[in-house]
Structure formats: C-alpha cells, structure tokens
Amino acid sequence: MKKVICIVSALALNSFTQQAVASNELCLASNNDCTFVLLSEKKSEAMTQVVSETTSEDVNTYSSAKVTQGSSYTEENEMLSLVNEERAKQRLSPFSTFKITNSLIALDSKQIASAQQVLTFDKEKYPVQAWWPSVWKLKEYDLTTAFKFSMVAIYRQIATDIGQDKMQSYVSKFNYGNQDISSGLDNFWLNGSMKISALEQVHFLQKMHRGQLGISQHSIDTLKEVMLVENNANYSLYAKTGAGRANGDDKSSKAMLGWYVGFVENAKGVHYFAFNFTRGSYAEMKAVRVEIARNHLKKAGVI
C-alpha cells in the first residue's frame, strides 16, 4: 500500500483573463481565497504519482493557464492532493458542515433513533423568522429533511438536547478541529469558537467512514443515508454544504465563506474531499459552490 501526497505548487499564467465559467471553474493555486483537498483510498491497485502539466483554454479568449503538480512522498495506499496548502490548513468556522458531526453525536447518544424520527424545536427560543426560506418552515421534519434543507433551528435544538458535557466529550473524542464549543452550545459552529481546516475535515470523514471514531455502525449507516446526494452505477456521492459570513466580526461585510465536504465511493475506492472558498456575496458563493467542487472531482476521475 502506498500513500501519495500531491500539492498543486505552481501556476504559470500566460495572458489569462479572469472570465471563469461555472461549468468548468476550478479553485486555482493563484487564488488564496479557496482550497480543495482530496484524500483518496485505493482498494488494491498500486499507486503511482503522475507529475503532469495540464493546460486549460478559455474558449472565449483563447488564453491558457498551466498548472504544475508535484508529489512529495509515498506511503500506504492513499493519495492526498490539495490546492493552496496554506488555506487547506487554515481553521475556519464549519458552519453547516458541522451538521455531519451533530447528527453522528445525536445518533450515537440515542437522542435520535433513526433517519425517520420526527424532530421538533422550541419555537419560543427559536421563533420563525420572516427571512427564513420556505424549506425552514415545513410542518414536520425528520433527520433526512433537516439535514437536506440544513434546518438551523432543528440542529440548534439537537445540540441543546445533547448537552454541554456530552457534546464536549464527543468533539474531543473525535479530535474535531480545535474542539472549542465555549462560545455557546447551540451556535459554536456558526462563526463561534469552533474552527476546523479543510485538511481536518477530510481526516475526520475518513475516520468516520473507517469506523475509527468509537461510535456505533448504526450511527454511521444512518448518517450515510441522510448524506447521500447522488447514487448511480459509477459512484455514490455523500456531501454537506455550509455557509456563513467570512468576516464574522464585520457586520457590514457581505463576503461569504462557502463549504462543500463529503466523500465518494466508487469502484476504485473511497475519496474524501473538502472545498472552501470566499465570494463577495451569498448569491455569488451559492451559485458555484457545489459545481466547483464537482469540477475538481471530475478532473480527478472520482465522478
């Protein structure tokens, strides 16, 4: 088994214009406002690292950008590739990607028994807001719909029901990010004290998938049930979005941090990924968040 670590280390621009189209946009090494991390576990085949130069052309400008990739060492049957190493190691608020962890804890602690269990929240403590999207105003939720629609009030209630001591015990056992929940039991993941890097996200997902978090298999299987985004003959994609203010202390800033994290199971193995980036507004971020991450997965031959 061999492990390969590959870092996108250089980007040579040759009359390149910033006219990225969402259909083929990638996080580039020249943009330190984004990172994409991919950790692939191969099932059996021997891994060999290819050092490649890939030229992409903008069909409108006929200009090109060259990306040079290089490997650093091999060990085990894994390949870790990333764009923008410094950003990949930077701890940021997980926002709704913490719903993965919150769900696991609720399931393992038996606060939630199944994906179909009806979930409620204290409407006096978390009153319905006029700005809430319609999917946050459904008459009834279970874990599947609460996760799919990223229903914040449900998950704030779940955290409250889990309790401070139990929540701290689990995030410490999971070694999740900086393990700091001190800013508030029902909001520490929403621009609060909890921070995690993209690298830490993929390693957490790997431990979960391998059954190395010390939790029940039922909890893992149920989480996978609600995380499933796409399933076809070639692969199964499990993922969660996350978003919030990039500058939490600056209320006047509209810049948004976007996350997309998860894993893909295919014939070659399991591939854990984490993408985060910053855009000037929520609309700009949401419009391309999932597509950019999928573009990287396609480029890597994962989907």
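The model is predicted: local features need pLDDT of at least 70, side-chain atom pairs count only at pLDDT 80 or more, and totals for chains, interfaces and linings use all residues. Residues are numbered from 1 along each chain as its sequence is written, and side-chain values use heavy atoms, with hydrogens and water left out.

**Largest pocket**

- The largest pocket has a volume of about 1,200 Å³. A pocket is an open set of points on a 1 Å grid over the protein atoms alone, with protein on both sides within 12 Å along at least five of seven lines; its volume is the space filled by probe spheres set on the points, the probe being 1.4 Å.
- Of its 39 lining residues, Ser 96, Trp 136, Phe 149, Ser 150 and Val 152 are the closest to the centre; lining residues have an atom within 4 Å of a point.
- At least two lining residues come from each of H3 (143–148), H4 (152–162), H7 (217–227), E8 (228–231), E9 (235–245), E10 (256–266) and H8 (282–299). Helices (H or I, at least four residues) and strands (E, at least two) are DSSP runs, numbered from the N terminus.
- Strand E9 gives the most to this lining, with seven residues.
- The lining divides into 22 nonpolar, nine polar and eight charged residues. Ala, Val, Leu, Ile, Met, Phe, Trp, Tyr, Cys and Pro count as nonpolar, Asp, Glu, Lys and Arg as charged, and the others, Gly among them, as polar.

**H2 against H4**

- The axes of H2 (residues 98–108) and H4 come within 10 Å and cross at roughly 45°. Axes are lines fitted to C-alpha atoms over the stretch in contact, with angles from 0 to 180 degrees between N-to-C directions.
- Lys 99, Asn 102, Ser 103, Ile 105 and Ala 106 of H2 meet Val 152, Tyr 155, Ile 158, Ala 159 and Ile 162 of H4, contact meaning heavy atoms within 4.5 Å.
- This contact of H2 with H4 has seven nonpolar, two polar and one charged residues.

**H2 against H5**

- The axes of H2 and H5 (residues 164–174) come within 11 Å and cross at roughly 115°.
- Phe 98, Thr 101, Asn 102, Ile 105 and Asp 108 of H2 make the contact with Met 167, Tyr 170, Val 171 and Phe 174 of H5.

**Ser 281**

- Ser 281 lies in the loop between strand E11 (269–279) and H8.
- Ser 281 and Ala 255 are 26 residues apart in sequence and 5.0 Å apart in space, C-alpha to C-alpha.
- Leaving out residues up to four places away in sequence, Ser 281 touches Lys 254 and Met 256.
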